[in-house]
Amino acid sequence: MLTSRSRSASTLAVLIGAGLFIATSAVYAPVIDHAFINYDDPEYVSANPHVLRALTPEGVMWALTTTRPHNWHPVTWLSHMLDVELFGANAGRHLLINVGLHAANAVLLFSLLFRMTGALAPSAVVAALFALHPLHVESVAWVSERKDVLSTLFWMLAATTYVTWVKQPRPRTYVLSVVLFALAVMSKPMVVTFPFVLLLLDYWPLRRVARLRALLIEKIPFFAVALVGVAVTIVAQRTQAMTALANLPLRTRLANAALSYVAYMRKTLWPVDLAVFYPYPMQTSMYRGLAAATLLLGASILVVRLRRTRPYLVVGWFWFLGTLVPVSGIAQAGVQAMADRFAYLPIVGLFIIAAWGMADLVDSLRHERAMLALTNDAETHRNMGLALYQRGDMDGAVVHFTQATRLQPDDAQAQNNLGAALEKQGQIEQAIVHYAEAIRLDPSYERARSNLAALRAHGAPGKTP
């Protein structure tokens, strides 16, 4: 029965992925008639002689060595050159490539979340919000912002490869993830926060925090790539990009950063008054900045307090805060206060909070109704636990599997299920106890035996029957 359900979920996931790609492409299809604009496009493509010559040995060397405009992103330059090679200086065709990359990013995001959590609906909601949110128009429908969609493509591929390595550790998979991350940095240095996001994913939904030191050690190559990206960016931006507002006091920059975070949240919730450029306020209100900082601090404390029952809050919130740090304006580059394009990847964190929060609300209402009907039925608790396990809510699964074993102590299946959920939480010793109890109750229970053997041999995650 579970095998059939798993097949159905996989089929539905493929259909959702295809639907995301088609819907995203359809929404952005009008860009085929767009032209280059006179803001950054001449620098990147329409008046750049290196790019307009398409792919040449000299152009490739230029892409690898130039820091125009105040950044080092050779992979982005090469992608623009390839577009010219294929389509000439046709802005609409260049933009269609942006659309394809954005649609692919939406599908990859859905696949990544579904693979980690097993939660189909919330994963689809996050991906749909990412695909169609108006705040992303700037990153997709502007030729110069190829770096947003391209760097995120490599980011998503690197994260997906990392999850593959976590589930099946192989050196070549790990190396591939590091290489993909390097390509992301070489597309847009803003993505240097990637190792930080991996640690968040280790916390939830991968639940690997039992070995924190090992997690940090295994991230060393990722941090090394990030440090190189930061160093090169600092060198590249030691000109007009960083000196334009270099004399601003730190307190002014901190106030603007806090206000910008709140503005990104507001525009995510209610995307109005969007603009291609938000000028830096020369007279930032310290009181408003302090109020914004207090709001951010209060939200951070709240999500940390709720981490045991709602771990997705910690991941989503600090994903949002952390990935925006490089462009928060604390180290000011340029004369903008903020930019819609900066939110391209960070607001995924807010979408995670919204999607899993809604799923929790629905589940809690359903749970209350179920418990009112049958509060002392072992099968009900076992089935509820299984449903929560499959959507990645190990805390809820443990509660129900524990209740099932209390109501029916001789149920070997419930003991095995509880062991699998505890193992997912990193509670290895307790998982072993329940696997062993399942085998004691039913010596012929092969699934429990294989779970126990795999755990003792390789630390492989257990499975429910």
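I count a residue toward a surface patch when it has over 30% relative accessible area and no salt bridge, and I join nonpolar side chains within 5 Å. With that in hand, I opened the model, which is a predicted one.

**Entry 1: a nonpolar patch**

I looked for greasy spots on the surface and found a nonpolar patch formed by Leu55, Leu82 and Leu86. I then picked out Leu86, which sits in helix α5, residues 74-87. Its relative accessibility is 55%, so I logged Leu86 as exposed.

**Entry 2: two helices side by side**

Next I checked helix α6 (residues 91-117) against helix α7 (residues 120-132). How do their axes cross? I noted that they come within 8 Å and cross at roughly 160°. Angles over 145 degrees count as roughly antiparallel, and α6 and α7 are therefore roughly antiparallel to each other. I also wrote down the hand of this crossing, which is right-handed.

**Entry 3: salt bridges**

I turned to the charged side chains and got a count of 16 salt bridges.

The side chains of Arg68 and Glu43 meet in a salt bridge at 2.9 Å, N to O. Arg68 is in the loop between α4 (57-65) and α5, while Glu43 is in helix α2 (residues 41-46), so to speak a link between distant parts of the chain, 25 residues apart. Are these two partners buried, exposed or partly exposed? Arg68 has 33% relative accessibility and counts as partly exposed; Glu43, at 27%, is also partly exposed.

Glu145 and Arg341 form another bridge through their side chains, at 3.6 Å, N to O. I placed Glu145 in the loop between α8 (137-140) and α9 (146-167), and Arg341 in the loop between β2 (336-338) and α18 (348-373), so this pair ties together parts 196 residues apart in sequence. Buried means under 20% relative accessible area. Glu145, at 1%, is therefore buried, and Arg341 is buried with 10%.

For Arg391 and Asp360 I read a salt bridge of 3.7 Å, N to O, between the side chains. Arg391 lies in the loop between α19 (378-390) and α20 (394-407), and Asp360 lies in helix α18, 31 residues apart. Arg391 counts as buried at 13% relative accessibility, and Asp360 counts as buried at 10%.

How values were computed. Residues are numbered from 1 along each chain as its sequence is written. This is a predicted model: local features need pLDDT of at least 70, side-chain atom pairs count only at pLDDT 80 or more; totals for chains, interfaces and linings use all residues. Side-chain values use heavy atoms; hydrogens and water are left out. Patches are made of residues with over 30% relative accessible area and no salt bridge: like charges are joined within 9 Å, nonpolar side chains (Val, Leu, Ile, Met, Phe, Trp, Tyr) within 5 Å. Accessible areas come from the Shrake-Rupley method with a 1.4 Å probe; for residues, only the protein chains shown count as cover. A salt bridge is a side-chain nitrogen of Lys or Arg within 4 Å of a carboxyl oxygen of Asp or Glu. Helices (H or I, at least four residues) and strands (E, at least two) are DSSP runs, numbered from the N terminus. Buried means under 20% relative accessible area, exposed over 50%, partly exposed in between (1.4 Å probe, protein chains only). Axes are lines fitted to C-alpha atoms, for helices over the stretch in contact, and angles run from 0 to 180 degrees between N-to-C directions. Angles under 35 degrees count as roughly parallel, over 145 as roughly antiparallel, 65 to 115 as roughly perpendicular and the rest as oblique. A crossing is left-handed if the near helix is turned anticlockwise from the far one by less than a right angle, and right-handed if clockwise.
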